[in-house]
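Reader: Please show me the sequence and the model, and then let us go through some questions about them.

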Amino acid sequence: MSTVTFKVFRGDQNGGELQDYTVEVQEGMVVLDVIHKIQAEQAPDLAVRWNCKAGKCGSCGAEVNGKPTLMCMTRLDTIDTSKPVTVRPMKTFPVIRDLATDVKWNYEANKKIKPFAPAPNTNWVMFQEDVDRVQEFRKCIECFLCQNTCHVLREHGEKTGFIGPRLLVRTASLEMHPLDVENRLDMLKNEGGIGYCNITKCCTEVCPEHIHITDNAIIPLKERVVDEYYDPVLRFFRRLFGSKKRPELSQAADD
Amino acid sequence: MSTKPVIGTDKRLTERQDLWWLEPLLVAVVLTSFVIYTIWAVLQRSDFHFGPYTSPFYSIPFTSAEKLEWLPFSPAFLVIWIPIGFRATCYYFRRNMYRAFFWDPPACWVAEPKRSYSGERKFPFVLNNLHRYFWYLAVFALFFHIYEAGKAFFFEDGFGMGLGTLIMLLDVTFLSLYIFSCHSWRHLAGGCLNCFSKHKGRYTLWQRISQLNEQHGLWFWLSLMTVWVTDIYIRLLSKGILTDVRFF
Ligand code: SF4
Ligand code: SF4
Ligand code: FES
């Protein structure tokens, strides 16, 4: 057993500060255990959101020594405990209290994404190779660590023109769905603001589900936006031969 | 609804305790040195040729740089804009460029200088959307690199292989891996489809490219290094500072 100092943010909408807690830690503990220990022994009013303690509910996101992470999945032996360890709430979202932040902006921005739309009389048989890509995106646990990390939201506060990596992943899961016939490219280019993303990949670095956010979702979506808006040659050929890519679309439009 | 983060206004740069500045620093140093070297090599107009070897900077389609001596500018300018354009618009390079040179952001979770930001929505960065056109051109240029590497087996005294041949072969290998692991190519080859089951051939191709694409960054650096080493090696041979090692 050893003793470690934790500097935990205490405060609310009006501001706050880091407060020191010295805790006896044991082998195998995660940061969330420490927060619970502080709650149990020193600060019963310390607010923290958690649920599964298994990295699956996505509630316990915070910043440990400056790195956005799930507290329940951050073992103490992966951080330097010889120095005080700071624990702050996610920087990008308004603090409700202490470590709990208000993430409802994500649900508001999500409304920009048109829902799944199958063609009329869809044959619901799907092949595994058609849904592999989409299944990667469905692993998302909505922890919003990627949203918190993305510098467009975090540093530039672009919450009106940009939907952020999590919602780009969601758009990709719909756009690449073999049975979906909706077109979300206009949304991506305009209200979705995919052009704000400069593919610096920090979102991918924090995703606890190891979704290849940039390589598999954002860049392929950027390429689809290029197909539609920035590639006159492709557009010319598509017009010449009639777009074969998504015949379902025109069919759906007719119905 | 207030979206303003309460603690977003503080002045901390970061609470990261690791060497987060090392990667952008190394990238900036290596890329800047490469750019300076390239400008110098291109302006030299000499020492790009030795025996059967030609520097990749001077690998000119359908002709050779020697035949273009009469040009008022370095013949390298005829082709150098292709790899420059391809690399500058490469998705992997963009990640590094924005981090190392624009500090947008310098590293993850590190504060940025406060200034307006429009990402890739406006000029000049909106031009990155032209990456696929540079990919087409890069494939075209690659064929001539492969041709030059083939020529590197044919010495004055007949067929053979030297250290220069090996370096040039490595160069075209890494260039091919870099070019064919490109994100735009991955999209054009199959990523643009929604129903892979209806396009088995393209699906297989897309899977192969996806495998290569996972290491796209590695291929970027290795091919950059081999281009650099190839030019330096040929230059040193041509200046008589080194003698070529002949294997057979
Ligand atoms: S890659 Fe794009 S979405 Fe992801 S963190 Fe960077 S700017 Fe944000
Ligand atoms: S994509 Fe990953 S980091 Fe982003 S919300 Fe989903 S699980 Fe969390
Ligand atoms: S408590 Fe559920 S993800 Fe951490």
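Author: Contact here means heavy atoms within 4.5 Å. This is a predicted model, in which local features need pLDDT of at least 70 and side-chain atom pairs count only at pLDDT 80 or more, whereas totals for chains, interfaces and linings use all residues. Residues are numbered from 1 along each chain as its sequence is written, chains are lettered from A and ligands numbered from 1 in the order in which they are written, and side-chain values use heavy atoms, with hydrogens and water left out.

Reader: Leaving aside its neighbours within four places in sequence, which residues is A:P118 in contact with?
Author: A:P118 sits in a loop of chain A, between helix 2 (104-110) and helix 3 (128-138), helices being DSSP runs of H or I with at least four residues, numbered from the N terminus. From A:D180 it is 62 residues away in sequence, yet the C-alpha atoms are 4.7 Å apart. Beyond the excluded neighbours, its contacts are A:W124, A:L179 and A:V181.

Reader: Is A:P118 buried or exposed, or partly exposed?
Author: Buried means under 20% relative accessible area and exposed over 50%, with partly exposed in between (1.4 Å probe, protein chains only). Because its relative accessibility is 32%, A:P118 counts as partly exposed.

Reader: How many salt bridges does the rule find across the interface of chain B and chain A?
Author: At this interface, 52 residues of chain B are in contact with 67 residues of chain A. A salt bridge requires a side-chain nitrogen of Lys or Arg within 4 Å of a carboxyl oxygen of Asp or Glu, and the side chains of A:D227 and B:R132 form one at 2.7 Å, N to O. Across the interface of chain B and chain A, the number of salt bridges found is nine.

Methods:
Helices (H or I, at least four residues) and strands (E, at least two) are DSSP runs, numbered from the N terminus.
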